[in-house]
Amino acid sequence: MPTQDEKRHMDRVAGLGCYMCQRLGHGPTPAQLHHLREGQGMGQRASNWLVVPLCEAHHANYSKDGWHGGRKAWKREQVTEMDALEWTIERLLA
C-alpha cells in the first residue's frame, strides 16, 4: 500500500502526461503510471518512487507501441525506461 507521500508523488507524475506522446509531439495526453523494471528481479515490484507517466497505448500489453507489448514506438525512438525516468525527474524539478 503506498504511503501518502508516495501517492502525492505518483499523482504529480501522472499529471505530467504521457512521456512518449510528448516525445512524439502529441502533447501531454492522460497518463497512467509505469513502474520501472530496470534492475528489478522477477516477481519484484519497483518502488512507487520509480514511476514514469505513460498513456495506455504506450504502456499496455495489447499495444504494439506499449512498453509491455511490442515496444515499437520505444524502439523506433531509441529510448528506454531510464530515458523516461530522466525526463520525468527533470519536469518534476522544474
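## Overall size

With 94 residues, a compact globule would have a radius of gyration near 12 Å, and the protein chain agrees with this at 13 Å. The radius is taken over C-alpha atoms, and the globule rule is 2.2 Å times the number of residues to the power 0.38. Along the principal axes, the C-alpha atoms fill a box of roughly 35 × 35 × 20 Å.

This is a predicted model, in which local features need pLDDT of at least 70 and side-chain atom pairs count only at pLDDT 80 or more, while totals for chains, interfaces and linings use all residues. Residues are numbered from 1 along each chain as its sequence is written, and side-chain values use heavy atoms, with hydrogens and water left out.

## Elements and burial

The protein chain has 4 helices and 2 strands, in the order α-α-β-β-α-α from the N terminus. Helices (H or I, at least four residues) and strands (E, at least two) are DSSP runs, numbered from the N terminus.

Of the 94 residues, 38% count as buried, meaning under 20% relative accessible area with a 1.4 Å probe, protein chains only.

## Cysteines

A search of the whole structure finds 0 disulfides, a disulfide being a pair of cysteine sulfur atoms within 2.5 Å. Cys18 is in no disulfide, and its nearest cysteine sulfur, that of Cys55, is 3.7 Å away. The sulfur of Cys21 also has its closest cysteine sulfur in Cys55, at 3.7 Å, which is too far for a bond.

Cys18 is buried, with a relative accessible area of 0%. Cys21 is buried as well, at 7%.

Terms used
Buried means under 20% relative accessible area, exposed over 50%, partly exposed in between (1.4 Å probe, protein chains only).
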